[in-house]
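Dear colleague,

I am passing on the structure below, and my notes on it follow directly after.

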Amino acid sequence: MADNSSSLWMVSPNRMRLSRLLRMSRRDVLLGGMGTVAAGSLVSARAAEPDAHGSNVPGQPSLLSVNDPLVKQFLDLSHRLTDRDALDEWIAAALCTNIVQSDAKRKEQLQGMHALLEGGQFASASDFARAAEKHDPAFKDVIHDIMAGWYRGVANGKVVVYRSALMFDITKDAVYPKTYAAGGPFYWTSKPPEVDPPKGQPALSPSKFVVEPT
């Protein structure tokens, strides 16, 4: 012990640098080996995935295919309710899957709403929404699910999409959705700008206000 301690001050600077390099080399080898194992695990996990848009979570059904008839019907309803001609079919499949999983009646209700859509002439989303609720009051909740899915990106209590949610569509050419406050220091203490109240009339009957957890 005494010999080892007394020999430290006698070691040359080159010898000290070499010893340090050797220690770093051993550490790098260990870290490199851990990285290789982790990379191999990721490759194995990726290979185990059923497909690019499926699910391999135990107990969780795979996403419906974009070619599934129900997804096609869901997309038709979404086009009418959002008054948009272009909507992503993969997002539609993900939203449809989660909405159907949220309630055992949703699949039948979606099919019923689609039959109503095909059997009538509706000039706007509001016209169709009013007719759907009049036909079956339960359709109002289905409409809420569809609109919340597309505009908020949330279905069945899960965030299905974020940056592709339609609530960001107006500013997507200039401002990306953020996860932090974009204002200056204490911006919330200033009076917000005045916003003109909406002049349109609601298409659906009033719903109970629900405070969601944050």
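With which residue does Lys 191 form a salt bridge? Its partner is Glu 194, the closest N and O atoms being 3.5 Å apart, where a salt bridge is a side-chain nitrogen of Lys or Arg within 4 Å of a carboxyl oxygen of Asp or Glu. Please bear in mind that this is a predicted model, in which local features need pLDDT of at least 70 and side-chain atom pairs count only at pLDDT 80 or more, while totals for chains, interfaces and linings use all residues. Residues are numbered from 1 along each chain as its sequence is written, and side-chain values use heavy atoms, with hydrogens and water left out.

The whole structure holds six salt bridges. One of them joins the side chains of Arg 84 and Asp 169 at 3.0 Å, N to O, and this pair links distant parts of the chain, 85 residues apart, with Arg 84 in the loop between H3 and H4 and Asp 169 in the segment after strand E2 (158–159); helices (H or I, at least four residues) and strands (E, at least two) are DSSP runs, numbered from the N terminus. Arg 84 is partly exposed at 23% relative accessibility, as is Asp 169 at 22%.

Another salt bridge, at 2.7 Å from N to O, brings together Asp 145 and Arg 106. Asp 145 lies in helix H7 (residues 139–152) and Arg 106 in helix H5 (residues 106–118), so the pair ties together parts 39 residues apart in sequence. Arg 106 is buried at 9%, whereas Asp 145 is partly exposed at 23%.

Conventions
Buried means under 20% relative accessible area, exposed over 50%, partly exposed in between (1.4 Å probe, protein chains only).
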